[in-house]
Amino acid sequence: MILEAEVELKNSLFADNVFYSLGDSLNALRLDGISEILCYGLGHFSSCRSSKYQLALLLSLKKYYNSRVYVYDPVFYSHEIELLKRFDCNIIEINEEGKRIIQDSVTLIYMPHCSIYLTNNFLYTNWSKRLNKCILLTNSFSIVTDNLTKANKSVSLDYVLRIRPYVTEIPLRNNFIYKDVFSDLNIHIFLEENINAIPQSFWNKRDEPCYRGAEIHYLTAKQTERIDAKNCCTEDET
């Protein structure tokens, strides 16, 4: 099922567009490859069509760039985790809420249809000039932030809003056969000349995000712990 989806995806015009745009992005960043891919929010790819093709793109990217892949979603079933391991993906064991520190290697952050608050968390955690080693394949910054601003809900998305003027967003044409799978997904890069133009004081202001009262649309670490504890109790009773 997954392998068939991967073949279908690889032979699509959408995949051609993604790989061409990523190639342009790497050239603009003066980088020659992608060492690691960090993926959040695939969902139940064993039962959801969108998730299945989103995984197919991840596997295609992994093979093309020969990248190490780190993946997490708190909703994964145990058999989905085992399948990801068979595809040589590294499973992140805890809910980091998007707050994973990247190293010096070039990293693609792939978050298909994830909460913009997870993106905000990632930016907060890596709030420095090393962002120019990152490529974000996520929901369009411009679309999401414009919509949130119009709805007056952008106050807690400080990092997305602050970095947006320095982001180069590369639109991806949504021409996949199933339009809902990759809708609003764009590439975002941080060009060296833009990053270097930012004063150090910009990076020094780095308070942990607070989303009190906001609809963040992702499971927090505490929520995941409660779900895991409940599942353990259920297993002990059977």
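Guide: A charge sits over a ring if NZ of Lys or CZ of Arg is within 6 Å of the ring centre and within 35 degrees of the ring normal. The model discussed here is predicted.

Visitor: What makes Arg206 a residue that lies over the face of Tyr124?

Guide: Arg206 is placed at 4.4 Å from the ring centre of Tyr124, and the limit is within 6 Å. Arg162 likewise lies over the face of Phe202, at 5.0 Å from the ring centre.

Visitor: Why is the pair of Trp127 and Trp203 called edge-to-face?

Guide: The ring centres of Trp127 and Trp203 are 5.2 Å apart and the planes stand at 70 degrees. Centres must lie within 6.5 Å, and planes over 60 degrees apart count as edge-to-face; the pair of Trp127 and Trp203 is therefore edge-to-face.

Visitor: What makes this pair a tie between parts that are apart in sequence?

Guide: Trp127 belongs to the loop between helix H5 (116-125) and strand E5 (134-139), while Trp203 is in helix H9 (residues 200-204), so the parts tied together are 76 residues apart in sequence. Both Trp127 and Trp203 are buried. Ring pairs also link them with Tyr124, Tyr159, Tyr166 and Phe202 into a cluster.

Visitor: How do you know that the side chains of Asn95 and Thr224 form a polar contact?

Guide: Their contact is 2.8 Å, and the limit is within 3.5 Å. The Asn95 side chain also reaches the backbone nitrogen of Glu97 at 2.9 Å.

Technical notes
Residues are numbered from 1 along each chain as its sequence is written. This is a predicted model: local features need pLDDT of at least 70, side-chain atom pairs count only at pLDDT 80 or more; totals for chains, interfaces and linings use all residues. Side-chain values use heavy atoms; hydrogens and water are left out. Rings of Phe, Tyr and Trp (its six-membered ring) pair if their centres lie within 6.5 Å; planes under 30 degrees apart count as stacked, over 60 as edge-to-face and the rest as tilted. Helices (H or I, at least four residues) and strands (E, at least two) are DSSP runs, numbered from the N terminus. Buried means under 20% relative accessible area, exposed over 50%, partly exposed in between (1.4 Å probe, protein chains only). A polar contact is a pair of N or O atoms within 3.5 Å; within protein, one must be able to donate a hydrogen and the other to accept it, and residues adjacent in sequence count only if both atoms are side-chain atoms.
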